Structures are given as C-alpha cells and as structure tokens.
Amino acid sequence: MNAKDAVIAAFATFSRIRVPARLLDAVDWRDGAALAGFPLVGVVEGLAMLAWTLAASWLCLPAAIAAAVFTCLPVLVNGGIHLDGLCDVADAACSHADRDRKLQILKDPRAGAFGVMALACYLLLFYSLAAGAGPMQLVRTSIALPAALAFSRCLSGLAVLRWPKARPDGMARAMAGEDDNPPRPAFRALAGQAVLSGVALVALAPAASGPFAIAAAAAVLAWYHRFALREFGGVTGDTAGWFLQWCELAMLAVLILGGMR
C-alpha cells in the first residue's frame, strides 16, 4: 500500500468526490488502504466548511442561513454515509431485541422510527450550535475543523482495526483484513495522522479549547467501546459511522462553547 492508493481508496469509499475509474482500477485495496486515507476525507470536509463560513461572513448572510448550509455541507461531501450508520444503530439499539436480531436490523437499508428521531436530534443539535455561534465565532471554530474531522476519523479507523468485529463479514471486517491482527501500514498511518491532527487541533482551536475537544473525543470513544461490545459484540461499519457523528458533534460543541468564553 502506498499513499496514492490510500487517498484514492478513501475518497472512493467515504466521500461523494468522484474518482476516475482508471485510478480506481490500479488501486491496491489490501492492508486497510481506505482506512489509512480516511482522515484526509475529513480534512477536505473541514476545508469546505471553513470556506463556506468565510464566504457567509463576507456576504453578511443571516446566521440561520449560514448555519443551515454549514450543517448540510458534510452530507454533500461524504454522501451521508456516516449519518446512515447513526440511523441504523439507533434503530437496532432501541429495538430491545437479541444481539442477532440487532445485527440484522443494522443490515436493513430502511430507516425506522428510532433512526429518524436520532437523525432529527443530531441535525438539530448540530444546527443549533452553528447558529448560536455567530458568523465570526463560526469562522474561528472552522479554522480548527480540518484537524478535528481528521482526528475523529483516525479514532474511528483505529477502532475498526483494533476492536473485535461484530460480524465475520461486512464493511468493518473487509477494511480491517481477514483476521484480528490490524494491517500494520494502515495502523501506522492512522496513528501518525492522529498525532499530527491532534497537535494541529490544539494549535488552531479558539481560546485553548483544543485539549478539551480531544478529551471529549476520547470520552465518546470510551463510550463507543462499551456500547458496541455490549449491544453488538463488536464494531461494524454502521457503528463506526455512529461513533464518528457523535464524536464530531461533541468536539464541535467544545470548540464553539469553549471559544465563547
């Protein structure tokens, strides 16, 4: 696996950004290539959100409009793949069924009532944070977003590599390889990017809120570990998306509220 393969595999898997077929055909998908490049998708998503906040501030757009587009931009970049995981996990966890049935619900492409409610609550919280920040505060927060979104994806990827898988098939197993030993190239790439993005987050976050954002991400990660093993016996692609959304919401809350002091 090389860096080019990791970037192409990651954007083809985790984003709506089109990758030419001739590049995809030459990619070596082994050794967790898509996970190794996963944080870079977060960087691009964060840069898009930063560009929007700068444009909204320059145009003096109302805070509600700026916040609405800010909330929708991640879906435009990643195609809603992680929100889909949030919905599926909410449906499964709230079913109060046995573990096998919960895993079946995760594979169901239809959204149930609990998934819709979880999605509505998530988007409302995300929007309210952005709308309450104000234009300039949102710009200051967005400067740290590329690092924050990369860091959350590092944690999600490392969890997929290291933690037990709930199913012998599925996306998480395919990404992590055939056994429980994580592919070393992907693990090293994610660990290195976690350090770099964490340092960048501390340096760029407003009002010294970076360390607290990292602490919030770590707290959500600990919650995720306990939740995934208790409810499903391990992680899946859906639980990885579920974690990513709540982790990023927690980090955004810390960055915005911490920057208001």
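## Cysteines and the basis of the model

Cys121 is partly exposed, with a relative accessible area of 46%; here buried means under 20% relative accessible area, exposed means over 50%, and partly exposed covers what lies in between, with a 1.4 Å probe and protein chains only. The structure is a predicted model, in which local features need pLDDT of at least 70 and side-chain atom pairs count only at pLDDT 80 or more, whereas totals for chains, interfaces and linings use all residues. Residues are numbered from 1 along each chain as its sequence is written, and side-chain values use heavy atoms, with hydrogens and water left out.

A disulfide is a covalent bond between the sulfur atoms of two cysteines, and it is taken here as a pair of cysteine sulfur atoms within 2.5 Å. By this rule the structure has 0 disulfides. For Cys121, the closest cysteine sulfur belongs to Cys94 and is 10 Å away, which is too far for a bond.

## Helix α1 and its surroundings

Helices are DSSP runs of H or I with at least four residues, strands are runs of E with at least two, and both are numbered from the N terminus. Helix α1 takes in residues 3–14, which makes 12 residues, and reaches 16 Å from its first C-alpha to its last, close to the 16 Å expected at 1.5 Å a residue; the expected span is 1.5 Å times one less than the number of residues in the helix.

The buried residues of α1 are Asp5, Ala6, Ile8, Ala9, Ala10, Phe11 and Phe14. They pack against α2 (21–25), α3 (33–58), α4 (63–78), α5 (81–93) and α10 (171–176), where contact means heavy atoms within 4.5 Å.

## The largest nonpolar core

A nonpolar core is a set of buried Ala, Val, Leu, Ile, Met, Phe, Trp, Tyr and Cys residues joined through side-chain atoms within 4.5 Å. The largest such core holds 77 residues, of which Phe70, Leu201, Tyr224, Phe232 and Phe243 touch the most other members. Helix α13 (residues 237–259) supplies the largest share of this core, 11 residues.

Once residues up to four places away in sequence are set aside, Phe243 touches Ser152, Leu155, Ser156, Ala217, Val220, Leu221 and Tyr224. Met251, which is found in helix α13, is buried with a relative accessible area of 1%. Leaving aside neighbours within four places in sequence, Met251 is in contact with Ala148, Phe151, Ser152, Leu201, Ala213 and Ala217. The C-alpha atoms of Met251 and Phe212 are separated by 8.2 Å, although these residues stand 39 residues apart along the chain.

## Aromatic pairs

A pair of aromatic rings is described by the distance of the centres and the angle of the planes. Rings of Phe, Tyr and Trp (for Trp, the six-membered ring) pair if their centres lie within 6.5 Å, and the planes count as stacked when under 30 degrees apart, as edge-to-face when over 60 and as tilted for the rest. The whole structure contains 11 aromatic pairs. Tyr122 and Phe126 form one that is tilted, at 6.0 Å centre to centre and with 35° between the planes.

These two residues are 4 residues apart in helix α7 (residues 113–133), and Tyr122 and Phe126 are therefore separated by about one helical turn. Tyr122 counts as buried at 3% relative accessibility, and Phe126 is likewise buried, at 8%. One aromatic cluster is formed by Trp163, Trp223, Tyr224, Phe227, Phe232, Trp242 and Phe243.

## Buried glutamines

Gln245 lies in helix α13 and counts as buried at 7% relative accessibility. With neighbours within four places in sequence left aside, Gln245 is in contact with His82, Leu83, Leu86 and Tyr122.

Gln193 has its place in helix α11 (residues 184–204) and is buried, with a relative accessible area of 18%. Leaving aside neighbours within four places in sequence, the contacts of Gln193 are Ala36, Pro39, Leu40 and Cys154.

## Loop residues with positive phi

Cys60 is found in the loop between α3 and α4, where its phi is near 55°, a positive value in a residue other than glycine. Cys60 counts as exposed at 67% relative accessibility.

His96 has its place in the loop between α5 and α6 (99–107). His96 has a positive phi of about 60° although it is not a glycine, and it is exposed, with a relative accessible area of 72%.
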